[in-house]
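Load the model and open the selection panel. The stops below say what to pick next and what to look for.

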Amino acid sequence: MKDSQKLEVVLFETRPYVEYWDRLEKLVKELWRKAENEEEFIERLKEELQRVEEPFKTDLRIFLQKLEAIED
């Protein structure tokens with residue numbers, strides 16, 4: 001089950017640390033809509049991480065770290 005509120009919290013917490021906020025928000029929300037569950041969402045994020053270039057790659061890593069920290 002996906003928790004949209006959790007996604008918004010992670011986006012909010014990530015915002016001060018990323019350079020390309022608009023791009024990150026758009027990508028994350030698009031992947032969230034396409035994923036059936038959180039596990040698939042995380043896998044899609046990791047696949048995207050392999051495709052993108054720096055410095056956006058760092059933004060994506062920061063988001064993923066925040067997401068995984070909330071899951072713990």
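Start with the angle classes: under 35 degrees counts as roughly parallel, over 145 as roughly antiparallel, 65 to 115 as roughly perpendicular, and the rest as oblique. Axes are lines fitted to C-alpha atoms, for helices over the stretch in contact, and the angles run from 0 to 180 degrees between N-to-C directions. Helices are DSSP runs (H or I, at least four residues), numbered from the N terminus.

This is a predicted model, in which local features need pLDDT of at least 70 and side-chain atom pairs count only at pLDDT 80 or more, while totals for chains, interfaces and linings use all residues. Residues are numbered from 1 along each chain as its sequence is written, and side-chain values use heavy atoms, with hydrogens and water left out.

**Stop 1: H2 against H4**

Select residues 21-34 for H2 and 56-71 for H4. Their axes come within 10 Å and cross at roughly 55 degrees. H2 and H4 are therefore oblique to each other. The crossing is right-handed. For handedness, look at how the near helix is turned from the far one: anticlockwise by less than a right angle is left-handed, clockwise is right-handed.

Now show side chains. H2 brings Arg23, Leu24, Leu27 and Val28 to the contact, and H4 brings Phe56, Asp59, Leu60 and Phe63. Contact means heavy atoms within 4.5 Å. By class, these residues are 6 nonpolar, no polar and 2 charged. For colouring, Ala, Val, Leu, Ile, Met, Phe, Trp, Tyr, Cys and Pro count as nonpolar, Asp, Glu, Lys and Arg as charged, and the others, Gly among them, as polar.

**Stop 2: H2 against H3**

How far apart are the axes of H2 and H3? They are 9 Å apart, and the helices pack at an angle of about 135 degrees. That makes H2 oblique to H3. H2 passes H3 in a right-handed crossing.

Pick Leu27, Val28, Leu31, Trp32 and Lys34 on H2. Facing them on H3 are Glu38, Glu40, Phe41, Arg44, Leu45 and Glu48. This contact has 6 nonpolar, no polar and 5 charged residues.

**Stop 3: Glu38**

Zoom in on Glu38, in helix H3. Is Glu38 buried or exposed? Glu38 is buried, at a relative accessible area of 13%. The cut-offs are under 20% for buried and over 50% for exposed, with partly exposed in between (1.4 Å probe, protein chains only).

**Stop 4: H3 against H4**

Select 38-51 for H3 and keep H4. The axes of H3 and H4 come within 10 Å and cross at roughly 155 degrees. That makes H3 roughly antiparallel to H4. H3 passes H4 in a left-handed crossing.

The contact residues on H3 include Phe41, Ile42, Leu45 and Leu49. Those on H4 include Leu60, Phe63, Leu64 and Leu67. By class, the contact has 8 nonpolar, 1 polar and 7 charged residues.

**Stop 5: the H3-H4 loop**

Go to Pro55, in the loop between H3 and H4. Check its peptide bond with Glu54. The bond is cis, with omega about 5 degrees.

**Stop 6: Glu19**

From Pro55, pick Glu19. Glu19 lies in the loop between H1 and H2. At 56% relative accessibility, Glu19 counts as exposed. Leaving out residues up to four places away in sequence, Glu19 touches Pro55 and Asp59. The side chain of Glu19 also makes a polar contact of 3.5 Å with the side chain of Tyr20.

**Stop 7**

Select Glu8, in helix H1 (residues 4-14). Glu8 is partly exposed, at 39% relative accessibility. Draw a C-alpha distance from Glu8 to Lys29: it reads 9.5 Å.

End on Glu30, in helix H2. Glu30 is partly exposed, at 29%. Its C-alpha atom is separated from that of Leu49 by 15 Å.

Definitions and conventions: Helices (H or I, at least four residues) and strands (E, at least two) are DSSP runs, numbered from the N terminus. A polar contact is a pair of N or O atoms within 3.5 Å; within protein, one must be able to donate a hydrogen and the other to accept it, and residues adjacent in sequence count only if both atoms are side-chain atoms.
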